[in-house]
Amino acid sequence: MKENRIKELKPLAQTKFLSIYDATYTNKLGNEKHWMIASRKGYETLANKYFRGEKDDVDAVVIAAFHEKSKKLVIVKQFRVPLNDYVYELPAGLVENNEKEEVAVKRELKEETGLNLLKINENLGNNQLYLSPGMTEESSSLIYCSCEGELSTKYLEEDEDIVPMLVSREEAKKLITENVKMDIKAFMTLQSFALFGEEFFGF
């Protein structure tokens, strides 16, 4: 069993979608220290993970989608409050009520882009990746898939300010050289699509 270096967890602020905790832990020299952790999980769930070894569920799905008809990559441009600006991202969203990842992918892809899921490539991706482990234990599954349909914003929620886009290989090459705000997952996906085109998705 792995060593548990977190000794105590104290809630500092709790909201519906995000909580802040003070974690008391021991560093590599055995000295007691404190670390601030942001989490989407409530205290009991996080405490069960840290102190009782319960399974760490995936929080979200990130979707690398290939539009079959146009042969283009699906991305979104979304307003993010912490940046006070729009940022290029991949479609993504939280896994709700312990739903299966495929269900979350289908729902989020439709909601954010209006597109319909066709097929998931089970041979690519990773089912638990950490987004910013210096700040949060939040994890995502990176899902490679194909899709069809027409772009639409009519399925967006009130607080979602999203512009969906289909990007060609040449447009991807150009976009990654521009001085624009971009999520690192979107940048790496655009870079790979620019290099390898359709082969990147493995279909």
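The expected span of a helix is taken as 1.5 Å times one less than its number of residues. Helices (H or I, at least four residues) and strands (E, at least two) are DSSP runs, numbered from the N terminus. The model is predicted, so local features need pLDDT of at least 70 and side-chain atom pairs count only at pLDDT 80 or more, while totals for chains, interfaces and linings use all residues. Residues are numbered from 1 along each chain as its sequence is written, and side-chain values use heavy atoms, with hydrogens and water left out.

Helix α4 covers residues 184-196, and its 13 residues should span 18 Å at 1.5 Å a residue; the end C-alpha atoms sit 18 Å apart, which agrees. Its buried residues (under 20% relative accessible area, with exposed meaning over 50%, partly exposed in between, 1.4 Å probe, protein chains only) are A186, T189, L190, F193 and A194. These cover an arc of only 135 degrees around the axis, which puts them on the same side of α4; the arc is that of the directions from the helix axis to the C-beta atoms. An α-helix has 3.6 residues a turn, so residues three or four places apart point the same way. I184 and L195, on the other side of α4, are exposed.

What does the buried side pack against? The buried residues of α4 pack against β4 (60-67), β5 (72-80), β6 (85-89), β11 (162-167) and α3 (169-175), with contact meaning heavy atoms within 4.5 Å.

As for the ends of α4, D183 caps the N-terminal one, with a side-chain oxygen 2.8 Å from the backbone nitrogen of K185. G197 follows α4 and has a positive phi, near 65 degrees.

Conventions. A polar contact is a pair of N or O atoms within 3.5 Å; within protein, one must be able to donate a hydrogen and the other to accept it, and residues adjacent in sequence count only if both atoms are side-chain atoms.
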